[in-house]
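Here is a short note on helix packing, for reading beside the model.

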Amino acid sequence: MNLNAHRPWITPVVIGAFFLSAVTGVLMFFHLDSGLNKTAHEWLSWAMVIGVLLHVLLNMPAFKRYFNQTPGRVVMGLFALVLALSFIPAGGAGGSEPGFAPPVRALAKAPITVLAQVAGTSTEDVKTRLQAAGFTVTNEQQSVADLVGGDLKAQIGTMTKVLAHPRS
């Protein structure tokens with residue numbers, strides 16, 4: 001495949017994908033993202049990966065030269081080191097959980113009566129919603145954690161069903 005024939009669009013793909021990724025990444029960093037910013041950042045970053053790979057293939061002789069120059073090796077080595085360090089869990093064993101996990105876990109451990117108060121509905125309504133979701137509720141002191149276990153995703157999914165307002 002002759003990549004030179006594709007030069008007119010390969011570099012613009014890299015430029016466009018970088019612009020999209022940079023802007024959405026900065027917005028996410030400052031918690032200013034809205035709409036589809038996060039989704040665009042995650043999914044359209046693949047355009048960046050593909051564009052960069054094609055750009056590297058298109059410019060292979062220049063790319064190889066960076067491995068023979070000390071500044072190039074140092075910069076690439078530093079980024080490789082940062083990448084390796086990024087796999088270390090932050091804050092110990094439980095540091096990889098998102099910041100919203102502790103309050104979600106606390107709410108999941110609350111009795112159904114408390115969950116009903118949070119939902120702004122009756123205890124009977126919460127019990128009915130849980131039973132509709134396939135759970136056997138034996139008493140009002142049970143919690144979502146009692147019913148689904150310690151899995152955070154399962155707790156969130158169950159509480160979403162319970163706390164969601166029924167459509168009118």
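**Helix packing**

1. Helices α6 and α7 are roughly perpendicular to each other, because their angle falls in the 65 to 115 degree class. The axes of α6 (residues 112–119) and α7 (residues 123–132) cross at roughly 100 degrees and come within 8 Å. Axes are lines fitted to C-alpha atoms, for helices over the stretch in contact, with angles from 0 to 180 degrees between N-to-C directions. Helices are DSSP runs (H or I, at least four residues), numbered from the N terminus.

2. This is a predicted model: local features need pLDDT of at least 70, side-chain atom pairs count only at pLDDT 80 or more, and totals for chains, interfaces and linings use all residues. Residues are numbered from 1 along each chain as its sequence is written, and side-chain values use heavy atoms, without hydrogens and water.

3. Ile112, Thr113, Leu115 and Ala116 of α6 are in contact (heavy atoms within 4.5 Å) with Thr123, Val126, Lys127 and Leu130 of α7. The residues of this α6 and α7 contact are 5 nonpolar, 2 polar and 1 charged (nonpolar: Ala, Val, Leu, Ile, Met, Phe, Trp, Tyr, Cys and Pro; charged: Asp, Glu, Lys and Arg; polar: the others, Gly among them).

4. α6 also packs on α9 (residues 152–163), at about 55 degrees with axes 10 Å apart. Leu115, Val118 and Ala119 of α6 meet Met159, Val162 and Leu163 of α9. By class, the α6 and α9 contact has 6 nonpolar, no polar and no charged residues.

5. After α1 comes His31, with a positive phi near 55 degrees.

Conventions
Helix = DSSP H or I, 4+ residues; strand = E, 2+ residues; numbered from the N terminus. Parallel < 35°, antiparallel > 145°, perpendicular 65-115°, else oblique.
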